[in-house]
Amino acid sequence: MRQEKTILSNINTSVLSRRQFSLGLAGLAAAAFAPNPGFAQSSSSAAAQKIADHFSSVKTMMGEFVQFGPRGEQTGGKFFIERPGKLRFNFEDPSPIRVIADGNNVVIGNMKLKTWDIYPLSKTPLSLLLASRIDLGNQMVRDVKQESDLTTIVLGNKTVFGDSTITMMFDSKTYDLRQWTITDAQNKDTSVMIYNVQNGVNLDEKVFIIPYEDVRKG
């Protein structure tokens, strides 16, 4: 995937709240879905599962992302994923936000304010994103739209961050994830695009170390 976006150099870091980041990140966690009895199992849901199987077969990946908030704010950074259970998102300067999952917990830290929020990984949608296999069974998919170049999957998501709808867009031929949009309970959108993605990379274990001493102090 090669999608280029210009990152604004004068981003106001205060507009990127941890909640907004968590909503954006939750879109990538595409399996904490509320069941929808109205969407019957069909070739569309089978296609969605095929894409999910491809996505979960990638054990390690890294790349860049750009996030667009509901007020038009924009920022970007780099991400790293290793299954099972490990993830890191680094926002580029001047944003101080870091997100790390080490297989047990997830922390969202503000490096400037030296404050941290910590959650058990099992209580977040990331636990399903980072599982060995993403299972879309039990009528979990709300809608699937297949076009020549894009497959769009709409999912219902109910997490500790509230009710939301996730719209994920995949390349119809390669099954690569291109972007996702979270629409929250207030009908506000947070969109994330990923690009320059590399799969099957060797990642240093230090990437996923949570600084627990700093977290406790925060």
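Predicted model: local features only at pLDDT ≥ 70, side-chain atom pairs only at ≥ 80, totals over all residues.

1. Setting aside residues within four places in sequence, Asp-171 is in contact with Asp-149, Asp-176 and Arg-178. Asp-171 itself belongs to strand S9, which covers residues 162-171.

2. The side chains of Asp-171 and Arg-178 form a salt bridge, with 2.7 Å from N to O. In general terms, side chains of opposite charge can pair when their charged atoms come close. How many salt bridges does a search of the whole structure find? The search returns 1, and the pair Asp-171 and Arg-178 meets in a salt bridge.

3. Are the two partners buried or exposed? Asp-171 has a relative accessible area of 14%, and because buried means under 20%, Asp-171 falls in that class. Arg-178 has a relative accessible area of 23%, so Arg-178 is classed as partly exposed.

4. Asp-171 has another polar partner to note. Its side chain reaches the backbone nitrogen of Thr-174 at 3.0 Å. When you inspect Asp-171, please view this contact to Thr-174 together with the salt bridge to Arg-178.

5. Now to the aromatic residues. The structure contains 3 aromatic pairs. Phe-65 and Phe-89 make a tilted pair, with 5.0 Å between centres and 40 degrees between the planes. Phe-65 sits in strand S1 (residues 60-68) and Phe-89 in strand S3 (residues 86-91), so this pair ties together parts that are 24 residues apart in sequence. Phe-65 is buried at a relative accessible area of 1%, and Phe-89 is buried at 2%.

6. Phe-65 also pairs with Phe-91, here edge-to-face, at 5.0 Å centre to centre and with 85 degrees between the planes. Phe-91 lies in strand S3 and Phe-65 in strand S1, so the pair ties together parts 26 residues apart in sequence. Both Phe-65 and Phe-91 are buried. Which residues do the ring pairs link into a cluster? They are Phe-65, Phe-79, Phe-89 and Phe-91.

7. A further ring is worth a look. Arg-83 lies over the face of Phe-55, at 5.4 Å from the ring centre.

8. Asn-196 is my next stop. Asn-196 is found in strand S11, residues 189-199, and counts as buried with 19% relative accessibility. That value falls in the buried class because the cut-off is under 20%. The side chain of Asn-196 makes a polar contact of 2.8 Å with the side chain of Glu-64. Asn-196 and Lys-78 are 118 residues apart in sequence, with 9.8 Å between their C-alpha atoms.

9. Finally, the overall picture. The protein has 4 helices and 11 strands. Of its 218 residues, 52% are buried. Among contacts with a separation of 6 or more, 57% are between residues 24 or more positions apart. The accessible surface comes to about 10700 Å², and carbon and sulfur atoms account for 48% of that surface.

Notes. Residues numbered from 1 in each chain as written. Heavy atoms only, no water. Salt bridge = Lys/Arg side-chain N within 4 Å of Asp/Glu carboxyl O. Buried < 20%, exposed > 50% of the residue type's maximum accessible area, 1.4 Å probe, protein only. Helix = DSSP H or I, 4+ residues; strand = E, 2+ residues; numbered from the N terminus. Polar contact = N/O pair within 3.5 Å; in protein donor to acceptor, adjacent residues only side chain to side chain. Contact = heavy atoms within 4.5 Å. Phe/Tyr/Trp six-rings, centres within 6.5 Å; stacked < 30°, edge-to-face > 60°. Lys NZ or Arg CZ within 6 Å of the ring centre and 35° of its normal. Areas by Shrake-Rupley, 256 points an atom, 1.4 Å probe, with all protein chains shown as cover.
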